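Please read the following report alongside the sequence and the coordinates.

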Amino acid sequence: MEGRAALARLNERWRGLSAIHRVSLVVLVIASLLALYYLGQFVRQMNYTTLFARLDPHEAGAIVQQLDSMRVPYLLQDGGTTIQVPKNRVDEVRIQLATTGALGVDGAGWELFDKSKLGITEFEQQVNYQRALQEELRRTIVQMDEVEAARVHLVLPEKSIFAEAQSPPSASIAVKLRPGAELSPDQVRGVVTLVAGSVEGLTVENVHLIDMRGRLLSGDLSQDTAAGIAQSHQEIRRNYERELEQRLQQMIQRIVGPGRVVVMVTAEMDFSQQQSVSTIPYGEPQVVSEQTVREEREGQGTGGVPGMDANVPGPDTYPLAGTTQTESYLREETVTNYHVGTLQQTLVQPPGELRRLSTSVVVDGDLTPDRAAQIQEVVAAALGFNPERGDQIVVAPMAFDTTYQEQLEEELRRAEEAAAEEERRQLLMYAAAAGAVLLLLVIAVVTALVVSRRRRAEPEPQVEDVIPVAVAQADTAPADQLSEKQRDVRELARQKPEEVAQIIKVWLTEK
C-alpha cells in the first residue's frame, strides 16, 4: 500500500505541472541519462590500455575469440585493428594469449612435428617441413626492432638423382617496417644471409627481400664485389664529410647564431692499400773470416840492350860482359769477411688515407674582412688544415633566401591556429552542453519550488469533519447492504485515516 501511495503522490505532482514543465522535465531526464552514459564510457576508456595495435583482421579475430573465452572485457578501436583491455589485466592477458598460442596465428613452426600422424605421405611431409621452416624464419625476422611483420616464401625443388636437372632453391621475404623505421644495408645483408644459411643449397643471390611498398631491399647485394667495395668506400667518405660538417656547423653557429651558416666539406681519400718492405743495417759489423795472400821472389837474369834489335830473333849472339840484371817481386793480398746485422721493416698503408680537404663556409649577412679571417682560422684549426696537401678553405658572406622557410612557418602557424580553434570550438560545445543541462536542471528545480509554493499558498479544504461523517454514515449502513469494495474502503479508512484524508484532499483540489 505504501508503494501505491508513493505512486499516487507522484501522479499528483505530475498532473500539477504544466505542459512546458513536463516537456522540460522529460528533456532534462534524457540529457542526464545521456551525460551519465558518455561519462561512463569516458571513465571506462580511461581505465583501458592498448593490448595490441595495427592487427591483421585474422589476428584480431583470433585474439577477440580468445578474450571472449577468457571472459576478459575489451574495446575495439581504429576499425577493429586495435584492442584495449583493462590496465590492471594487460600483462596477465598477454601472458595467457602467448601461452594459448593465440599470438602465433600466422602459422605453426616445428610444433607441426610434435605429433606424428600415421599414413602421411612424403609430399605432405615435405609440405609440412616447408611450412615449419617458413614460420621459424618469420619468427626470427620479426624479432628485429624495425620489423613489425614479415612473410617468408620458400621454393624447395624436389631432389633429383641427376645433378644437371636439379633446380636451385629460392626465397622471397616481404617485411612490414614500423613507422619511420628503415633497414640499414648491414641489416638487409644479415637477413638475407640468415635465410640463405637456413636452407640447404640456397645462395644469397637467390634471396629477394622487399618491403610492403614494393621496394627491393636486397638489390645491392647482387652486385659484383668491385661495385660493393666502391659503394662502401663512398659511404665511408660521406660519413667522414658529414661528421666534419656537423662539428663545424655547431661551432660556427655559436659565433654567428643558429640558422645563419652552411658548411660543406669535400674530402678526397685514397682507398688503395700499399705494402712496402725495407731492409736496413742494424748494429756494429763483426769479422767473420780473414784471408791473406803474400807472394815474394828475388833472382838474376841476362838480357841485351833494350830495344827492338835486341829482342828480334836473329843470328846467335853472345851476351856482352857486364850485362847481368837482378829481379825482385812482392805481392800481398788480404781478404776480410764481415757479418753485418740487418733490420727488415714491412710497412702496410691502410686504405682511406686523406689526400685533400676542401671546405666552404657560407654565412648569412655581411662579414668584415677581419671577422671572415677569424672564422677561416678557426675552421682551419678545427679541420687540421695542411697547405702542403692542397687543402683549401673558403669563407663567403651571402644573404640567405628564407622565403620557403617563412612559408613553412606560416603554414605551421596556421595549422596551430586551426588546431587551437578546433579545440576552443569543442570546449565551447562541451560548455554549451553542460550549460544546457545545468539550465534545465535549474528550470526543473525552480518549477518544483514554484509549484510547491503555490500549493502552500492555496487554502486547504477543511475535511476534518467529512471523514467522521462518512465513517458514521458507513457505520449506520447495514453490513449486508455494503459491497465488497465499500467494505475494503471502510477498512482502509479505519486503518490509515491520514492517507485516505490526503487522497480526498487531492480529489477536492482537482475539482
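The report below covers the overall fold, a surface patch and the confidence of the model.

This is a predicted model, in which local features need pLDDT of at least 70 and side-chain atom pairs count only at pLDDT 80 or more, while totals for chains, interfaces and linings use all residues. Residues are numbered from 1 along each chain as its sequence is written, and side-chain values use heavy atoms, with hydrogens and water left out.

| Property of the protein chain | Value |
|---|---|
| Helices and strands | 13 helices and 13 strands |
| Buried residues | 20% of 511 residues |
| Accessible surface | about 37,700 Å², 54% from carbon and sulfur atoms |
| Confidence | mean pLDDT 78 |

Helices (H or I, at least four residues) and strands (E, at least two) are DSSP runs numbered from the N terminus; buried means under 20% relative accessible area, exposed over 50%, and partly exposed in between (1.4 Å probe, protein chains only). Accessible areas come from the Shrake-Rupley method with a 1.4 Å probe, and for residues only the protein chains shown count as cover.

Among contacts (heavy atoms within 4.5 Å) with a separation of 6 or more, 70% join residues 24 or more positions apart.

Helix H2 (residues 19–46) gives the most to a nonpolar surface patch, with 10 residues. Trp 14, a further member of the patch, lies in helix H1 (residues 2–16) and is partly exposed, with a relative accessible area of 35%.

The pLDDT, the predictor's confidence in each residue from 0 to 100, reaches 70 or more for 79% of residues. Over residues 463–479 the pLDDT is below 50, and this stretch has 10 contacts beyond near neighbours in sequence. Where pLDDT is low, the predicted coordinates should not be read in detail.

Technical notes
Patch = residues over 30% accessible without salt bridge, like charges linked within 9 Å, V, L, I, M, F, W, Y side chains within 5 Å. Salt bridge = Lys/Arg side-chain N within 4 Å of Asp/Glu carboxyl O.
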